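Hi,

Here is the structure I promised to pass on. Have a look at it first, and my notes follow below.

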Amino acid sequence: MDPKIVRTVLRRQPFSPFTLRLADGRELHVPDRHSMAMPLRQVIVIHPDESSTRLEPSQIVSIDEGTDSLPPLAPPASNGG
């Protein structure tokens, strides 16, 4: 998945919990903004027990959001290059 889409969901105001669905079938829940970081083309999900999962955005196949009241994600704007 495009990292810009993942960042858009993570930075939404107000924040809404979401679940990352991965290509291998795993689901990683992100209950709050502090449970995930995105340094240098990686996604790090921090679990309640303080362990973490590191993955590449390409491993994410979908994002399930916690509410239907949020507007749909717009595709990232092309920068023409």
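Leu22 sits across from Ile60 of strand E6 (strands are DSSP runs of E, at least two residues, and helices are runs of H or I, at least four, both numbered from the N terminus). Keep in mind that this is a predicted model, where local features need pLDDT of at least 70, side-chain atom pairs count only at pLDDT 80 or more, and totals for chains, interfaces and linings use all residues. Residues are numbered from 1 along each chain as its sequence is written, and side-chain values use heavy atoms, leaving out hydrogens and water.

Strand E1 (residues 18-22) and E6 run antiparallel, joined by five bridges; two strands pair if DSSP finds at least two bridges between them. The open sheet has three strands, ordered E2-E1-E6, with antiparallel pairing. At its edges are E2 (27-30) and E6 (60-65), each pairing on one side only.

Helix H1 (residues 3-11) packs on this sheet and touches E1 and E6 (contact means heavy atoms within 4.5 Å). Which residues of H1 are buried? They are Pro3, Val6, Val9 and Leu10, where buried means under 20% relative accessible area, with a 1.4 Å probe and protein chains only. Looking down the axis of H1, these buried residues fall within an arc of 125°, so they line one face of the helix; the arc is taken from the directions from the helix axis to the C-beta atoms. Their cover includes E1, strand E3 (36-37) and E6.

Cheers

Methods. Axes are lines fitted to C-alpha atoms, for helices over the stretch in contact, and angles run from 0 to 180 degrees between N-to-C directions. Buried means under 20% relative accessible area, exposed over 50%, partly exposed in between (1.4 Å probe, protein chains only).
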